[in-house]
Amino acid sequence: MKKHLSSLAAIAAAATLCAAVSATASAADWSQTGYADDDPSTVEIISTSADGVVFTQTTDGVAAKARITLDQILADPADVSNVYSGSWTVVYHGLAGSDIQGVGGGCYAATCNSATYWLSPEFNEDGTVTWEDEVTVEDSFKWLLPSQVPTDASQAEFVFMDWANANLVSNNVTIEIKDLKIFDKDGNEIAQKEYSGAAAEEAPAEETPAAEEAPAETEAAPAADASTPVAPTGNTAAASIAAVMAVAGAAALISKRK
């Protein structure tokens, strides 16, 4: 009986360890997500967490591009040489009730495009459209050639894009990227970096001695927030890739409406 209980305890401990490893493997430091194309107007970061990033356009009618580099994804940047493929989930929030005709996007994954996607609503006879409030799609990439594998993780940018140029802002539509997983050629998941944004959010504020307190009319600086975008810049190649994919999206929309 004692031996049986010991075995159960060992199994439970192993399961806990596996869960911890799994959680770390698919985390990534999403707090480092910023804009692309050397242009802050390419994205509005709504929030980040250990699960992913939520973003949207800065204004209606433009592309939205959230950028993070591979050294902020991998636990060990040296693992860049082992990366073969990756996958993630894209969720559009708030589409219900909008007149948006379609949304689409993909990812510029350092040296290649992801599979990309195009999502369409139900077109009604009266010309209106019907969306579910949340629409989910999977996207992925694969580096098939050795020449596609980056040598420097800090220069390997992943730009997650919506390139449909719809009116997301006025319709309160946001895009979430989550469940990012990176794999080696054997299908093993590569460990990811821990999310650092939570520490900034949860750290208790230090009390300031009364003698050093700022005057009442002086406004305090805002606290650090994981939703505040950082300033990494992107490769302008992402802009041309988005333009090419936008043509494909427009063609899909025309085909759907026929």
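User: Over how many bridges do strand β5 and β11 pair?

Analyst: Happy to start there, keeping in mind that this is a predicted model. Strand β5 covers residues 103–109 and pairs with β11 in the antiparallel sense. The number of bridges between β5 and β11 is five.

User: Which residue is the bridge partner of R67 in β11?

Analyst: Strand β3 (residues 64–69) runs antiparallel to β11, and six bridges join the two. Within β11, the residue paired by a bridge with R67 is V159.

User: Is the pair of W143 and F158 stacked or edge-to-face?

Analyst: W143 sits in the loop between β10 and β11 and F158 in strand β11, 15 residues apart, so this pair links distant parts of the chain. Both W143 and F158 are buried. Their ring centres are 6.3 Å apart. The planes meet at 65°, and since over 60 degrees is the cut-off, the pair is edge-to-face.

User: Which residues form one aromatic cluster with W143 and F158?

Analyst: A search of the whole structure finds eight aromatic pairs. As for the cluster that holds W143 and F158, the other members are W30, W88, F141 and F160.

User: What is the angle between the planes of W118 and W163?

Analyst: W118 lies in strand β7 (residues 117–119) and W163 in the loop between β11 and β12, so the pair ties together parts that are 45 residues apart in sequence. W118 counts as partly exposed at 24% relative accessibility, whereas W163 counts as buried at 4%. The ring centres are 5.7 Å apart and the pair is stacked, with an angle between the planes of 20°.

User: Which strands stand at the edges of the open sheet?

Analyst: Five strands form this open sheet, with antiparallel pairing and the order β1-β2-β12-β4-β10. An edge strand has a single partner, so one side of it is left without a neighbour in the sheet; that applies to β1 and β10 (134–142).

User: What is the bridge partner of S47 in β2?

Analyst: β1 and strand β2 (residues 52–56) pair in the antiparallel sense over four bridges. For S47, the bridge partner in β2 is V54.

User: With which side chain does T48 make a polar contact?

Analyst: T48 lies in strand β1 (residues 44–48). T48 has a relative accessible area of 9%, so it is buried, as that value falls under 20%. At 2.8 Å, the side chain in polar contact with that of T48 belongs to Y195.

User: Is N172 buried or exposed?

Analyst: N172 lies in the loop between β11 (157–162) and β12 (174–183). Its phi is near 55°, a positive value in a residue other than glycine. Most residues other than glycine have a negative phi. With a relative accessible area of 64%, N172 is exposed.

User: What is the relative accessible area of D179?

Analyst: D179 is found in strand β12. The phi of D179 is near 55°, a positive value in a residue other than glycine. D179 is partly exposed, and its relative accessible area is 38%.

Technical notes: Residues numbered from 1 in each chain as written. Predicted model: local features only at pLDDT ≥ 70, side-chain atom pairs only at ≥ 80, totals over all residues. Heavy atoms only, no water. Buried < 20%, exposed > 50% of the residue type's maximum accessible area, 1.4 Å probe, protein only. Polar contact = N/O pair within 3.5 Å; in protein donor to acceptor, adjacent residues only side chain to side chain. Pairing = 2+ DSSP bridges. Phe/Tyr/Trp six-rings, centres within 6.5 Å; stacked < 30°, edge-to-face > 60°.
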